[in-house]
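These are review notes on the model displayed below. Please read them alongside the sequence.

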Amino acid sequence: MKAVVYTRYGTPDELRLTEVPTPVPQGGEVLVKVRSVSLNLSDWEGLRGTPLYSRFGGLRRPRRHVLGSDIAGQVVATGPDATLFQPGDDVFADILTYLGGFAEYVCVPQRVLARMPEAMTYEQAAALPQAGAIALQGIVVKGQVRAGQRVLINGAGGGSGMYAIQLAKLHGAEVTGVDNGEKQESMRALGADHTIDYTREDFTRNGRTYDLILDMAAYRSVRAYHRSLARGGRYFCVGGSAGTLLRVLVGGAVTGRLADKKVRVLAVRLGVEHLQPMVELCGQGKIVTVIDRRYRLDEVPQALRYLGEGHAKGKVVVNID
């Protein structure tokens, strides 16, 4: 089968399209023909090997050589102990633990798969897992957003932000989206009441406060985030530099108690089994998935460069066929 492979950390130039053996499902595994795979920041970080936590799969060199984790496709074979799916079933999954999505086929345990809703396309199903989980847990489950609250989403122009804006608006919040200049219009189109270009304005220094901040790109000090929270407010970061995440993890809890503010790292529960509320909202048309660009398998390097350079407005998808 064809797969996009890399053997050392670096730029998209490290990626190459090549032939590798097609995996054979064993035990409770299922072989899926990949139809669509969406890109996430985790793919970019895994390619570059930075921040440091992205090297958990191999400190000096990547242990798994095919990236890609949010997939949608069709079951083509099952292992002898796999009983949940049959060849021909349309499925989707977050396979971040296993990777291998940038390929024609991928073999994964049956427990990580879910049947695709009939109303969803392969692209829409592949776009949902990681981005939808971050938005759902950051805005609803942990964020507990309520009508009338002021919500700020840093990194709102990307995939997770796309869903987070819509979720916050559905719950009646006043939403501010923060991202680069080229994403201001797309954030407003998704429902953001206010937008900030972070290259021109630091949201932690403009004097405004928020009841909830969901931060996909945490690079500031814990003190700065406290400054931007209203009393009783909540701040959750899910991405950014390793140093900032560590400072939030260690220092946020202590200082937050003193100021009646919660500053935490968002521990996201990944896996499609946690996505049912998002699946229902998408099926009802209350949440839409914006596909910014589509690429072929041989264009994965260009797709990752586009994402990594901060251009993606919504989701970027690779279609295998």
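1. Gly172 comes after helix 4 and has a positive phi, near 85°. Helices (H or I, at least four residues) and strands (E, at least two) are DSSP runs, numbered from the N terminus. The model is predicted: local features need pLDDT of at least 70, side-chain atom pairs count only at pLDDT 80 or more, and totals for chains, interfaces and linings use all residues. Residues are numbered from 1 along each chain as its sequence is written, and side-chain values use heavy atoms, with hydrogens and water left out.

2. Helix 4 (residues 159–170) spans 17 Å from its first C-alpha to its last over 12 residues, close to the expected 16 Å (1.5 Å times one less than the number of residues). Of these 12 residues, 10 are buried (under 20% relative accessible area; exposed is over 50%, partly exposed in between; 1.4 Å probe, protein chains only). Among the buried ones are Met162, Tyr163, Ile165 and Leu167.

3. Strand 5 (residues 90–94) is largely enclosed by the rest of the structure, because four of its five residues are buried. Strand 5 pairs antiparallel with strand 4 (residues 70–78) over five bridges (pairing requires at least two DSSP bridges between the strands). Three bridges join strand 5 to strand 7 (residues 113–115), also antiparallel. Ala93 is the bridge partner of Ile71 and, in strand 7, of Leu113.

4. Strand 14 (residues 291–295) and strand 15 (residues 315–319) run parallel, joined by four bridges. Ile291 has Lys315 as its bridge partner.

5. The model has 16 salt bridges (a side-chain nitrogen of Lys or Arg within 4 Å of a carboxyl oxygen of Asp or Glu). Arg35 and Asp321 form one at 2.4 Å, N to O. That pair links strand 3 (residues 29–38) to the segment after strand 15, 286 residues apart. Asp321 is exposed, at 62% relative accessible area. Lys33 joins Arg35 and Asp321 in a network of salt bridges.

6. Asp179 and Lys183 form a salt bridge at 3.7 Å, N to O. Asp179 is buried at 7% relative accessible area, and Lys183 is buried at 6%.

7. Glu182 and Lys313 form a salt bridge at 3.6 Å, N to O. Glu182 is partly exposed at 40% relative accessible area, and Lys313 is partly exposed at 23%.
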